Amino acid sequence: MNILQQKREKWLEKWLEAVFSSYPSESALFFRNTKDAFSNPVGATLKTGLTTLYDALAEPKFDPDAAKQGLEPVVKLRSVQEFTPAKALGFIYELKTIMHSGTESPPAEIREVFSRIDTLMLMAFDLYMENKKIIYSLRASQARNNVRQLLIKKDLICELPEIDPELAK
């Protein structure tokens with residue numbers, strides 16, 4: 001993937017900029033300019049994840065596991081934020097747009113990367129849905145616990161004492 005390595009800095013910078021621009025302007029400015037990972041965990045996660053992802057795409061032999069290492073933290077982050085699914089995962093296709101605009105007619109090597117990007121999108125969708133499932137499960141559990149505590153407080157139900165297993169026989 002020679003062209004990806006040649007244009008790494010330029011394309012990676014444009015990709016990061018496209019992702020940052022999906023946030024409100026003040027947030028995007030903070031993510032761009034704050035370098036400390038502890039002060040700016042979102043920006044650090046995006047920068048590290050997208051760099052790892054780009055490097056995995058640029059390898060001569062595509063390794064889905066290496067790509068997943070960069071993809072997973074970014075998708076986790078964007079799945080808990082207030083994005084639609086399309087906007088949360090749209091950053092993946094942004095790279096296609098950047099690469100396509102950076103070359104006259106995409107050479108075969110770029111077309112191969114486009115295929116890899118499509119694979120990444122499928123992986124990202126699976127990760128996104130797993131994360132959303134966990135989030136909704138936690139919300140349902142929290143709502144169930146809140147209702148239970150309210151019913152106990154209003155004496156509509158009561159706690160049953162633990163029964164000694166020996167006595168239950």
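## A buried loop residue

F83 lies in the loop between helix 5 and helix 6; helices here are DSSP runs (H or I, at least four residues), numbered from the N terminus. The model is a predicted one, in which local features need pLDDT of at least 70 and side-chain atom pairs count only at pLDDT 80 or more, whereas totals for chains, interfaces and linings use all residues. Residues are numbered from 1 along each chain as its sequence is written, and side-chain values use heavy atoms, with hydrogens and water left out.

F83 counts as buried, at 14% relative accessibility. Buried means under 20% relative accessible area, exposed means over 50%, and partly exposed is in between, for a 1.4 Å probe and protein chains only. Not counting residues up to four places away in sequence, F83 touches S22, Y23, R78, A88 and Y128; contact means heavy atoms within 4.5 Å. The C-alpha atoms of F83 and V42 are separated by 15 Å, and these residues are 41 apart along the chain.

## The nonpolar core

The largest nonpolar core has 43 residues. Such a core is a set of buried Ala, Val, Leu, Ile, Met, Phe, Trp, Tyr and Cys residues joined through side-chain atoms within 4.5 Å. The residues with the most contacts inside this core are L4, W15, Y54, L71, F91, M99 and L120. The elements that give two or more residues to the core are helix 1 (2-6), helix 2 (8-20), helix 3 (25-33), helix 4 (41-58), helix 5 (64-80), helix 6 (85-89), helix 7 (91-101) and helix 8 (108-153). Helix 8 supplies the largest share, 10 residues.

For Y54, neighbours within four places in sequence are again left aside. The residues then in contact with Y54 are L4, K7, R8, W11, L12, W15, L95 and M99.

## Helix 8 and the segment after it

Helix 8 has 46 residues and should span 68 Å at 1.5 Å a residue; its end C-alpha atoms are 67 Å apart, which agrees. The expected span is 1.5 Å times one less than the number of residues. A143 is placed in helix 8 and is partly exposed, with a relative accessible area of 40%. A143 and L95 are 48 residues apart in sequence and 40 Å apart in space, C-alpha to C-alpha.

D155 is in the segment after helix 8. This residue is exposed, with a relative accessible area of 67%. Phi of D155 is near 55°, a positive value in a residue other than glycine. Most residues other than glycine have a negative phi.

Two packed helices are described by the angle between their axes and the distance between the axes. Axes are lines fitted to C-alpha atoms, for helices over the stretch in contact, and angles run from 0 to 180 degrees between N-to-C directions. The axes of helix 4 and helix 8 come within 10 Å and cross at roughly 135°. That makes helix 4 oblique to helix 8; angles under 35 degrees count as roughly parallel, over 145 as roughly antiparallel, 65 to 115 as roughly perpendicular and the rest as oblique. In this pair, L53, A56 and L57 of helix 4 meet V113, R116, I117 and L120 of helix 8.

Helix 5 and helix 8 pack at an angle of about 45°, with their axes 9 Å apart, and are therefore oblique to each other.
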